Amino acid sequence: MAKALGVDSLRYLAVQDLGHCIGVEEDSLCLGCVTGRYPTPCGNALLEEARRAFAEGRAGRTYERAACPGPEGPAQ
């Protein structure tokens, strides 16, 4: 990966250190895209739908087809 990026070395950051590095308090930072654990039921439902779609070979944006409630109620 370092070669592909054109750098001499590459280090991985511990998830718990991410907030500090970008200046955001850990309790204010959603790490769902990194950990797979989302802070809301809808986020978790979207993750499960994305996994199903991938397994079935379906393309498209998950949030456009998932039935998560929004301000107007569930998506159609």
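Q: Which helix holds Thr62?
A: Helices here are DSSP runs of H or I with at least four residues, strands are E runs of at least two, and both are numbered from the N terminus. Thr62 sits in helix α5, residues 62-65. This is a predicted model: local features need pLDDT of at least 70, side-chain atom pairs count only at pLDDT 80 or more, and totals for chains, interfaces and linings use all residues. Residues are numbered from 1 along each chain as its sequence is written, and side-chain values use heavy atoms, leaving out hydrogens and water.

Q: Is Thr62 buried or exposed?
A: Buried means under 20% relative accessible area, exposed over 50%, partly exposed in between (1.4 Å probe, protein chains only). Thr62 counts as buried because its relative accessibility is 15%.

Q: What does Thr62 contact, leaving aside neighbours within four places in sequence?
A: Contact means heavy atoms within 4.5 Å. On that basis Thr62 touches Leu46, Glu49 and Ala50.

Q: How many salt bridges are there?
A: Side chains of opposite charge can pair when their charged atoms come close. The rule asks for a side-chain nitrogen of Lys or Arg within 4 Å of a carboxyl oxygen of Asp or Glu. The count is four.

Q: Which salt bridges does Glu49 form?
A: Among them is one with Arg52, with the closest N and O atoms 3.1 Å apart. Arg52 and Glu49 both belong to helix α4, three residues apart, about one turn of the helix. Arg58 also pairs with Glu49, at 3.0 Å from N to O. Glu49 is buried at 12% relative accessibility. Shared partners link Glu49, Arg52, Glu56 and Arg58 into one salt-bridge network.

Q: Which residue pairs with Glu48?
A: Arg51 does, with the closest N and O atoms 3.2 Å apart. Both lie in helix α4 (residues 41-56), three residues apart. Glu48 is partly exposed at 38% relative accessible area. Arg51 is partly exposed too, at 47%.

Q: Which residues gather in the patch of negative charge?
A: A patch takes residues with over 30% relative accessible area and no salt bridge; like charges are joined within 9 Å, nonpolar side chains (Val, Leu, Ile, Met, Phe, Trp, Tyr) within 5 Å. Asp17, Glu25, Glu26 and Asp27 form the negative patch on the surface. Glu25 lies in the loop between α2 (18-22) and α3 (32-35). Glu25 is exposed, at 59% relative accessible area.

Conventions. Areas by Shrake-Rupley, 256 points an atom, 1.4 Å probe, with all protein chains shown as cover. Lys, Arg positive; Asp, Glu negative; His and termini not counted. Charge placed at Lys NZ, Arg CZ, Asp CG, Glu CD.
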